[in-house]
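Student: Please take a close look at a single helix and go through it from end to end.

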Amino acid sequence: MSKPNFQAMSQKELHDYVFAHRDDQEAFYAYIDKLHAEANWIEMPPLESLQDLDNYPEFIERFRGNSQT
């Protein structure tokens with residue numbers, strides 16, 4: 001069986017593939033490379049409490065947006 005083309009996969013497709021094939025290290029590293037290349041995360045310091053989330057409305061909005069898909 002041949003491996004899929006990881007570079008042609010979307011981030012979501014690759015994420016799903018990695019979770020379905022947890023032993024496939026090549027897929028895992030391709031996924032990590034894609035995460036770094038797309039860099040679509042929000043960086044923030046560690047939270048001291050849940051109320052600290054109020055200081056990061058863009059994080060809350062993105063989290064809510066991802067849960068609706």
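Tutor: Just after α2, Ala 39 takes up a positive phi of about 40°. Helices here are DSSP runs of H or I with at least four residues, numbered from the N terminus. This is a predicted model, in which local features need pLDDT of at least 70, side-chain atom pairs count only at pLDDT 80 or more, and totals for chains, interfaces and linings use all residues. Residues are numbered from 1 along each chain as its sequence is written, and side-chain values use heavy atoms, with hydrogens and water left out.

At the N-terminal end, α2 is capped by Asp 24, which has a side-chain oxygen 3.2 Å from the backbone nitrogen of Glu 26. Between its ends, α2 has 14 residues, which at 1.5 Å a residue should span 20 Å; the end C-alpha atoms are 20 Å apart, in agreement. The expected span is 1.5 Å times one less than the number of residues.

Ala 27, Ala 30, Tyr 31 and Lys 34 of α2 are buried (under 20% relative accessible area; exposed is over 50%, partly exposed in between, with a 1.4 Å probe and protein chains only). They lie on the same side of α2 because they cover an arc of only 100° around the axis, taken from the directions from the helix axis to the C-beta atoms. On the other side of α2, Gln 25, Tyr 29, Asp 33 and His 36 are exposed.

The cover over the buried residues of α2 includes α1. Leaving aside neighbours within four places in sequence, Tyr 17 is in contact (heavy atoms within 4.5 Å) with Pro 4, Phe 6, Met 9, Asp 24 and Ala 27.

Conventions. Helices (H or I, at least four residues) and strands (E, at least two) are DSSP runs, numbered from the N terminus. A polar contact is a pair of N or O atoms within 3.5 Å; within protein, one must be able to donate a hydrogen and the other to accept it, and residues adjacent in sequence count only if both atoms are side-chain atoms.
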